[in-house]
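Me: I would like to go through this structure with you, one packing arrangement at a time. May we begin?

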Amino acid sequence: MTDAHTTPDEAGHGRQSEAGNGRHAEGDRGRDGTTEPTPVATLDGVTRTYGGIVVLDDVSLSIRPGVTAVVGPNGSGKSTLLGTLAEVTLPVDGAVDRPTETDDRGAELGDSAVEPSLVRRVGYLPQRVPFRESFTARETLAFYARLVGDDPDAALESVGLKDASDRRVGALSGGMRRLLGIAQATIGDPPLVVLDEPASGLDPGMRERAFRLAAENAAGGTAVVVSSHDLDLVDRYADRAVVLDRGTVVAAGPIGSLYAEYDVDSVEGLYRAAIHGTDSESAGDAPDERAVHVTGVSE
Ligand SMILES: Nc1ncnc2c1ncn2[C@@H]1O[C@H](COP(=O)(O)OP(=O)(O)OP(=O)(O)O)[C@@H](O)[C@H]1O
């Protein structure tokens with residue numbers, strides 16, 4: 001177990017990060033040089049095991065408005081981390097502090113037609129969304145929209161699916177289905193949106209669109225957490241990055257600060273430096289033996 005309040009330094013970096021005590025809480029500089037905003041959610045010493053094997057180890061993070069990308073090798077715990085934020089995976093130790101109904105928009109909506117209790121706190125796109133295949137795209141979003149008093153047509157339009165609103169989910173392409181999933185996750189305008197690999201399996205245009213939607217959402221003040229293996233897109237769209245290795249946070253913070261700390265100029269370089277201890281290209285090509293592998297256990 002690592003100290004929850006210092007950056008894990010097994011890799012010998014001894015660096016500070018957003019982990020734990022909020023040393024970077026205020027006054028940190030984002031990519032554009034502006035001061036970092038107040039956290040929307042925090043994880044404090046979060047640990048998760050499966051069958052006694054630790055897959056998330058004492059993770060402490062502050063999640064702020066903007067796009068936060070979670071990167072790391074297969075099995076490093078990205079989905080588990082996102083699941084704890086979305087409250088679909090419970091930690092065995094530690095605490096997660098999420099937005100509450102009374103946070104920002106709850107108060108703002110107090111006098112409106114939408115009851116504060118209907119304000120959605122966290123939107124979540126799992127890797128596989130269990131949509132009903134026989135529903136149309138519009139019926140699908142209408143179901144979610146009714147729960148939070150939002151407009152399904154505006155949500156469809158926001159992800160570019162207006163023309164497909166009468167098509168059944170079962171007849172949508174994988175990319176369109178993913179866009180519908182993003183619309184479902186952002187409907188009701190929650191202050192925290194968690195997207196688990198929104199771009200995986202999509203063609204380059206659709207991948208770009210998924211990240212652009214995440215960034216557009218974040219531009220309105222939402223904290224959007226995205227896991228991805230697409231380091232180029234992370235480079236272009238993320239404000240902050242969290243690098244996970246075997247369930248441990250090895251680097252976290254605003255992308256600009258991390259580039260300076262690790263003396264790199266890309267997320268790919270950061271990934272290599274934080275995980276392999278070198279930013280040379282050959283290290284990134286080596287087969288990754290570092291993932292935690294757990295088999296035969298479920299929730
Ligand atoms: N429900 C589960 N039951 C048993 N083991 C699980 C379960 N969910 C995750 N694991 C294990 O926890 C570890 C971390 O998995 P997780 O899906 O969080 O990693 P990941 O970084 O998202 O991986 P990938 O990049 O391949 O999607 C893996 O070893 C995985 O097998």
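Me: What does helix α8 lie across?
Reply: In this predicted model, helix α8 (residues 255-262) lies across β8 and β9, and runs at about 115 degrees to β9. Angles run from 0 to 180 degrees between N-to-C directions, with axes fitted to C-alpha atoms, for helices over the stretch in contact. Helices (H or I, at least four residues) and strands (E, at least two) are DSSP runs numbered from the N terminus.

Me: And which strands does α9 touch?
Reply: Helix α9 (residues 267-276) packs on the sheet and touches β3, β8 and β9. Its direction makes about 35 degrees with that of β8. Contact requires C-beta atoms, placed from the backbone, within 7 Å.

Me: What is the strand order in that open sheet?
Reply: The order of its six strands is β5-β6-β7-β3-β8-β9, with mixed pairing; a pair needs at least two DSSP bridges.

Me: Which strands stand at the edges?
Reply: They are β5 (122-125) and β9 (248-254); each has a single partner strand, so one side of each lacks a neighbour in the sheet.

Me: How many bridges join β3 to β8?
Reply: Four bridges join β3 (residues 66-71) to β8 (residues 240-245), and the two strands run parallel. Val71 stands opposite Val243 in β8.

Me: New topic: at what angle do α3 and α5 cross?
Reply: The axes of α3 (residues 137-148) and α5 (residues 174-186) cross at roughly 20 degrees and come within 9 Å. That makes α3 roughly parallel to α5 (angles under 35 degrees count as such).

Me: How should I read the numbering and confidence?
Reply: Residues are numbered from 1 along each chain as its sequence is written. Local features need pLDDT of at least 70 and side-chain atom pairs count only at 80 or more, while totals for chains, interfaces and linings use all residues.

Note on methods: Parallel < 35°, antiparallel > 145°, perpendicular 65-115°, else oblique. Contact = placed C-beta atoms within 7 Å.
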